[in-house]
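Subject: Handing over the structure

Hi,

Here is the structure I promised to pass on.

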Amino acid sequence: MGSSEKNENKGFFAAMSSGLSMFSNAMHRSVNGMLGYEGVEVINPEGGKDDAEEEAQRGRWKPEERDSYWNMMQKYIGSDITSMVTLPVIIFEPMTMLQKMAEILEYSHLLDQADECDDPYMRLVYATSWAISVYYAYQRTWKPFNPILGETYEMVNHNGITFIAEQVSHHPPMSAGHAENEHFTYDVTSKLKTKLLGNSVDVYPVGRTRVTLKRQGVLLDLVPPPTKVNNLIFGRTWIDSPGEMIMTNLTTGDKVVLYFQPCGWFGAGRYEVDGYVYNSAEEPKILMTGKWNESMSYQPCDLEGEPLPDTELKEVWHVADIPRNDKFQYTYFAHKINSFDTAPKNMLASDSRLRPDRYALEMGDLYKAGAEKSSLEERQRAEKKTREAKGHKFTPRWFDLTEEVTSTPWGDLEIYQYNDKFTEHRAAVDNSDNIDDVDIKSTEFNPWQYGNLSTE
């Protein structure tokens, strides 16, 4: 992509970052073009008749269902459909949004390396590569289940990390998550905002993601690009994330600005990411380039963004091997997230793994999955009605609503903070002599908290 074409797309970053210095124009041109990055995949971004029929044969949409849902969805064009529309389980994957939040931790070793790194700019290279690595998993076009209010997900047995997420609000849908190991803490408050455009939908990540590197107390802030889901009903569904990702070192003022190129006709530019690590004076120090579905590389550069002499492009991250012909295009890590075999003993009854609709879909029983999904949604509405009639307010267990409200490019966000209660709960359970030796799968899914709230 040439510099003139890319500069036309700078508005997104300008709106978020209050502008770079005079170096910005030169630094923002395509690193891929400068380095001769090749290997563009040829596709038809708009899909076609063959794509649609193939998608239907795979079980996504039958022709008669497609027409029916198109007629229904037209009335929502221009609206935020995050929690307005009930969709059939045939388009779902057996995973919830809380579990999907944990997928960013697959390549968490990059954050370990960032924490151990003394070079402040390479620290950002590692951390930003970690943020990009999850996009391989995000390209799956199956929809995850919306969490029930009070639902949780816990992950252990991965690089020494403990992770807990909780659905803290239903309207608007909001989730909070906290992960930690000896090198870093990861805290996120997530609130998706959508806009239906007909056969596509824009997804805006109205959230805040913070990472603290423990060794030197470095605090990093991440602003990801928006996402567009194309061919939602007609054609082959595919996902693109055009725009800019910005990771800022709030401790030093250094930052990374990476541009996710939009997919053009015949796949031109698809997956490509390039940009620079800047110091606090907004001078480029390291260029970064790659594809978010393959790998990322880096190279030191001069003040004009040109690679320094006697340096070479070095790979910092590469996507891991994946299962072949997987029904839901899951990675090995995604299967690990879903597995009861890697679940902790005495896990919370509110854990996403225990959702009967999710588990039925994983087992291939679409009829039961649909019935269970409807039952959970009806019970959630009933609990809300009863709670409000009693004048009680829902309160999350593991996260506290703070007084902080932060601005994002897509709206203001209330911040939830991890309250350490789950750490205490897990320690007490793990140290107990009465750990139940039961079949986890037989535990009844129970995110409902009204009974607890009514006694407070």
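To start with a question: which residues do ring pairs link into a cluster? They are Y135, Y138, F260, Y271 and W292. Before I go on, a word on how to read this: the model is predicted, so local features need pLDDT of at least 70 and side-chain atom pairs count only at pLDDT 80 or more, while totals for chains, interfaces and linings use all residues. Residues are numbered from 1 along each chain as its sequence is written, and side-chain values use heavy atoms, with hydrogens and water left out.

**Aromatic pairs**

The structure holds 15 aromatic pairs; rings of Phe, Tyr and Trp (its six-membered ring) pair if their centres lie within 6.5 Å, with planes under 30 degrees apart counted as stacked, over 60 as edge-to-face and the rest as tilted. One of them joins Y135 and F260, a tilted pair with 5.1 Å from centre to centre and 55 degrees between the planes. Y135 lies in helix α10 and F260 in strand β12 (residues 255-260), so this pair ties together parts that are 125 residues apart in sequence. (Helices, H or I of at least four residues, and strands, E of at least two, are DSSP runs numbered from the N terminus.) Y135 counts as buried at 7% relative accessibility, and F260 does too at 1%; buried means under 20% relative accessible area, exposed over 50% and partly exposed in between, with a 1.4 Å probe and protein chains only.

Y153 and F163 also make a tilted pair, because their ring centres are 6.3 Å apart and their planes stand at 55 degrees. Here Y153 sits in strand β3 (residues 152-158) and F163 in strand β4 (residues 161-169), so the parts tied together are 10 residues apart in sequence. Y153 is buried at 0% relative accessibility, and F163 is buried with a relative accessible area of 2%.

**Salt bridges**

A search of the whole structure finds 17 salt bridges, each being a side-chain nitrogen of Lys or Arg within 4 Å of a carboxyl oxygen of Asp or Glu. In one of them, the closest N and O atoms of E93 and R140 are 2.8 Å apart. This pair links distant parts of the chain, 47 residues apart: E93 is in strand β1 (residues 92-96), and R140 is in the loop between α10 (135-138) and β2 (143-145). E93 is buried at 0% relative accessible area, and R140 counts as buried at 4%. Salt bridges also link E93, K100, E103 and R140 in a network.

Another salt bridge joins R355 and D357 at 2.8 Å, N to O, and both of these residues are buried. R426 and D430 meet at 3.2 Å; they are 4 residues apart in helix α14 (residues 421-430), so about one helical turn separates them. R426 is buried at 9%, whereas D430 is partly exposed at 45%.

D112 is found in helix α8 (residues 109-116) and counts as buried at 14% relative accessibility. Apart from neighbours within four places in sequence, D112 is in contact (heavy atoms within 4.5 Å) with N181, H183 and F184. D112 and N181 are 69 residues apart in sequence, with their C-alpha atoms 8.9 Å apart in space.

Happy reading, and do write back with any questions!
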